[in-house]
Each structure stands twice: as C-alpha cells, then as structure tokens.
Amino acid sequence: MNMKKVILSFVLLLTFGTVFAKESSTSVVYVDMVYILKNLPQYESANEQLSLITRRWQKEIDALDQEAKVLEANYRTEQIFLSDAMRQKREQEIIDKENEALQLKHKYFGPDGELSKKREALIKPIQDDIFTAIQDIAGEQKINIVKDRSSDESLLYISSKLDISDQVLQKLGAK
C-alpha cells in the first residue's frame, strides 16, 4: 500500500511537472535584421539618400579645407614680404577657415549632427515597422522571445525552423 502511494505520487508529480513545464516553457525564435534590412526596398532607398547627403556635405567641408590650404600656401610664399600686422591677419584668416571647416564637419557629422538626425528620420520608421511586424508575429504564434541572429556573436547554430525573418519580410510586404 505504501509503495502504491509512492508510485502514484511519483506519477502525479511527473504528470503535473510535465504539464507545468509545457505551460512555462519559453519559445525562442530568431530574426536576421541584416537580411531583413537588405531585402527592404525602403531601407535601400533611405541608405541611398543618406549617401547622397553625406557626399554633398563632405564636398562642402573639403572645399573649405582646400580654401584653408590655398590660404596657407599663399601665406608661406608671401610671408617674408608681409608686415607683422599683415602676417597676423593672414594667419588668423587661415585659422578661421580651418575652424569653419571643423564647425561644419561637427554640424553635419558630429554625434548630434545633421546626419544623425537625418538617419533617425529615415531609418527609425523602418525599424519601427520591423519591430511591429515582429511583435505581431510573436503574438500570433505565441512566441515569447525573439532574438536578432545577426548580432548574437555567441550563436553557433540555429535551426532554420526558428528563423522568422522571411515571415517578417512578408508581413512588411517585401519579397
């Protein structure tokens, strides 16, 4: 009799433990953000816009740098003929031109610069759409965790069954 209770308790514990484990199990899937972004035409378009803007701004900065170099070259060839006041004035012009180039570089490419703001304006809506699609798929499929496969360096293998990147692209209307 005692043995029957032990066996029955063990079976009940095993059964409830299995049911509890199934209920509390965490489903994990992966997306490859690099793959998703590469396959979204709007992301490519945003990157092209950013590249055009970057090249245009870099040309402006390069032009100022070139002007400073020309001022300096002219100063070096003429400096022996200049009075002290003229030398100081020309040196200040060179410094001002170099500072103007640095300020423009900081304005465009600094941490809070125009490029950062433009990138935020162009890329963030795309990222928001991706995250919304991921959340929708996770809700529909009762997924608890979605990891980015492209940023997990310790990830050595993932079954393709766990990669929902194509589903995200499909949800976003991309091919």
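Q: How far apart are the closest N and O atoms in the salt bridge of arginine 76 with glutamate 72?
A: This is a predicted model, in which local features need pLDDT of at least 70, side-chain atom pairs count only at pLDDT 80 or more, and totals for chains, interfaces and linings use all residues. Residues are numbered from 1 along each chain as its sequence is written; side-chain values use heavy atoms, without hydrogens and water. A salt bridge needs a side-chain nitrogen of Lys or Arg within 4 Å of a carboxyl oxygen of Asp or Glu. For arginine 76 and glutamate 72, the closest N and O atoms are apart by 2.7 Å.

Q: Why are arginine 76 and glutamate 72 separated by about one helical turn, and which helix holds them?
A: Helices are DSSP runs (H or I, at least four residues; strands E, at least two), numbered from the N terminus. Arginine 76 and glutamate 72 are about one turn apart because they sit 4 residues apart in helix H3.

Q: Is arginine 76 buried or exposed?
A: Buried means under 20% relative accessible area, exposed over 50%, and partly exposed in between (1.4 Å probe, protein chains only). Glutamate 72, at 26%, is partly exposed. Arginine 76 has 57%, so arginine 76 counts as exposed.

Q: Which residue forms a salt bridge with glutamate 78?
A: The closest N and O atoms are 2.5 Å apart. The pair links distant parts of the chain, 12 residues apart, from glutamate 78 in helix H3 to a partner in helix H4 (residues 84–109).

Q: What relative accessible area does aspartate 84 have?
A: Aspartate 84 forms a salt bridge with arginine 87, with closest N and O atoms 3.2 Å apart. Both lie in helix H4, 3 residues apart, about one turn. Arginine 87 is partly exposed at 27%. Aspartate 84 is exposed, with a relative accessible area of 55%.

Q: How many salt bridges does a search of the whole structure find?
A: One network of salt bridges links Glu67, Lys97 and Glu100. Over the whole structure, the number of salt bridges found is 7.

Q: What percentage of the residues of the protein count as buried?
A: The protein has 6 helices and 2 strands. From the N terminus, the elements run α-β-α-α-α-α-β-α. Of 175 residues, the buried share is 24%.
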